[in-house]
Amino acid sequence: MAVTLEAWYMDSSEEDQRKPHRLYPNRPVSLDDLRKLGVFHWKLNADIYETDPELEQIRKDQGYSYMDIISIHKDTLPNYEEKLKMFFEEHLHLDDEIRYILDGHAYFDVRDKEDRWIRIAMSKGDLITLPAGIYHRFTLDENNYTKAMRLFVGEPVWKAYNRPADDFDIRQKYTASLQGS
Ligand SMILES: CSCCC(=O)/C(O)=C/O
Ligand SMILES: [Fe+2]
């Protein structure tokens with residue numbers, strides 16, 4: 001089980017979003033680089049998610065009072081194609097996005113400070129937090145399946161604001177937080 005998270009700069013090809021879209025040669029992005037963008041990662045044991053004390057501690061420390069589980073597969077998710085299309089539109093949220101992969105695989109793409117796409121490969125046991133105001137998107141990979149826990153502080157708000165949302169206070173706050181990092 002890899003403790004680290006693999007991430008890389010993406011190519012600009014319009015080919016299938018589910019492909020890795022690496023540059024050649026590959027340009028990896030470290031966990032430290034991700035942290036500077038406000039993106040944080042934990043590796044947990046997803047086999048025991050229902051009773052995991054480590055997950056409990058994170059939820060307590062971070063105030064993640066809400067959780068639900070979403071299974072993203074053509075046979076389980078209503079309006080599967082429509083939802084995947086929506087998830088892959090570049091957007092931001094007014095709150096942090098917190099996702100814990102319980103099974104399968106997925107990609108989160110985030111913009112770096114220079115507006116380049118970074119692809120983050122998520123698999124079973126990866127918990128990630130994306131800060132409010134960061135432009136990002138989500139896709140399945142070529143396995144076409146993931147099951148994820150969605151966590152939230154308080155009552156969940158799933159509203160996504162597609163780019164451009166540069167005038168939003170949360171976007172300004174996020175870009176200001178990057179200064180000097
Ligand atoms: C893994 S949950 C579906 C993706 C989602 O909710 C979102 O906002 C992606 O950016
Ligand atoms: Fe999102």
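This is a predicted model: local features need pLDDT of at least 70, side-chain atom pairs count only at pLDDT 80 or more; totals for chains, interfaces and linings use all residues.
**Notebook: core and ligand shell**

I looked up Ile 120 first: leaving aside its neighbours within four places in sequence, Ile 120 is in contact with Leu 5, Ala 7, Tyr 107, Phe 108, Val 110 and Ile 128.

Residues are numbered from 1 along each chain as its sequence is written, while chains are lettered from A and ligands numbered from 1 in the order in which they are written.

**Core**

I then examined the largest nonpolar core, which has 32 residues. Such a core is a set of buried Ala, Val, Leu, Ile, Met, Phe, Trp, Tyr and Cys residues joined through C-beta atoms within 7 Å. A residue is buried if 20 or more other C-beta atoms lie within 10 Å of its own, exposed if 12 or fewer, and partly exposed in between. Those with the most contacts inside the core are Tyr 100, Ala 106, Phe 108, Val 110, Ile 120, Met 122 and Ile 128. Strands S6 (97-111), S7 (117-123), S8 (126-130), S9 (136-140) and S10 (146-152) each give two or more residues to this core; the largest share, 8 residues, comes from S6. I use DSSP runs for strands (E, at least two residues) and helices (H or I, at least four), numbered from the N terminus.

**Ligand 1 and the annotated site**

I listed the shell around ligand 1 as Ile 70, Phe 87, Glu 97, Arg 99, His 136, Phe 138, Ala 148, Arg 150 and Ala 160, counting a residue if its C-beta atom, placed from the backbone, lies within 6 Å of the ligand. S6, S9 and S10 each give two or more residues to this shell.

In the UniProt record, an unreviewed entry, I found His 91, His 93, Glu 97 and His 136 listed for "binding site"; such annotations may be inferred rather than shown by experiment. These residues span 46 residues in sequence, yet no two of their C-alpha atoms are more than 11.5 Å apart, so they gather at one spot.

I compared two of them. His 93 lies in the loop between strand S5 (91-92) and S6, and with 19 C-beta neighbours inside 10 Å it counts as partly exposed. Glu 97 is found in strand S6 and, with 22 such neighbours, counts as buried.

Notes. Two residues are in contact if their C-beta atoms, placed from the backbone, lie within 7 Å.
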